[in-house]
Amino acid sequence: MSVARTRIAVYPGTFDPVTNGHVDLVERAAPLFERLVVGVAESPSKRPALPLALRVDLARRALADHPNVEVRGFDGLLAHFVAELGAGVLLRGLRAVSDFEYEFQLASMNRHLIPDVETLFLTPAEEYGFISSSLVREISRLGGDVSAFVPPAVAQALQAERQRNVA
């Protein structure tokens, strides 16, 4: 793998929605790379609650303070997206041991699809280890306050989405 490729990392995910845990990972990973691309996957099979354009916008707003971080939506195979960017590193977050088996399987598959790309696992800070997008969506859907778990723009968007669905 060339040195140029290792300077570009991709942090892929559905980010439905982006959480403070995602932001924490980006803040700690951004200094390690020349460019960090947060790839927001369309993921129709996961039936995201928020449309892709909104998820991209919310991630951009949450990560705006990081000049070497770019947020891009994508709708195809991750391997193709990574190759298109010329990236050499896939960044993945591990919150708990239970994440490891799934993430290890993904990393192994990606190694077959894009052998020149390495997967780097980071763990979130302790205060974010329990936060997941699915829990945030559920709390929000049921009328709970998610402002401690997500950036302010995300909390506002989730509240607006909840109100739209109630009306």
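A: In helix α3 (residues 52-62), the buried residues are R55, V56, L58, A59 and A62, where buried means under 20% relative accessible area, found with a 1.4 Å probe on the protein chains only. Helices are DSSP runs of H or I with at least four residues, strands are runs of E with at least two, and both are numbered from the N terminus. Looking down the axis of α3, the buried residues fall within an arc of 165 degrees, so they line one face of the helix; the arc is taken from the directions that lead from the helix axis to the C-beta atoms. An α-helix has 3.6 residues a turn, so residues three or four places apart point the same way.

This is a predicted model, in which local features need pLDDT of at least 70 and side-chain atom pairs count only at pLDDT 80 or more, while totals for chains, interfaces and linings use all residues. Residues are numbered from 1 along each chain as its sequence is written, and side-chain values use heavy atoms, with hydrogens and water left out.

The elements that cover the buried residues of α3 include α2 (20-29), β2 (35-41), β3 (69-74) and α7 (152-166), judged by contact, that is, heavy atoms within 4.5 Å.

One of these covering elements, α7, leads us to a pocket: α6 and α7 are the elements that give two or more residues to the lining of the second largest pocket. A pocket is an open set of points on a 1 Å grid over the protein atoms alone where a 1.4 Å probe fits, with protein on both sides within 12 Å along at least five of seven lines, and its lining residues have an atom within 4 Å of a point. Among the residues that line the second largest pocket are A49, L50, L158 and E161, and its lining divides into 4 nonpolar, 3 polar and 5 charged residues.

Another covering element, α2, is among those that each supply at least two residues of the lining of the largest pocket, as does β4 (89-93). In β4, 4 of the 5 residues are buried, so this strand is largely enclosed by the rest of the structure. Strand β4 runs parallel to β1, joined by 2 bridges, and pairs with β5 (residues 118-122) in the parallel sense over 5 bridges; two strands pair if DSSP finds at least two bridges between them. A9 has V89 of β4 as its bridge partner, and L90 has T119 of β5.

Key
Buried means under 20% relative accessible area, exposed over 50%, partly exposed in between (1.4 Å probe, protein chains only). Ala, Val, Leu, Ile, Met, Phe, Trp, Tyr, Cys and Pro count as nonpolar, Asp, Glu, Lys and Arg as charged, and the others, Gly among them, as polar.
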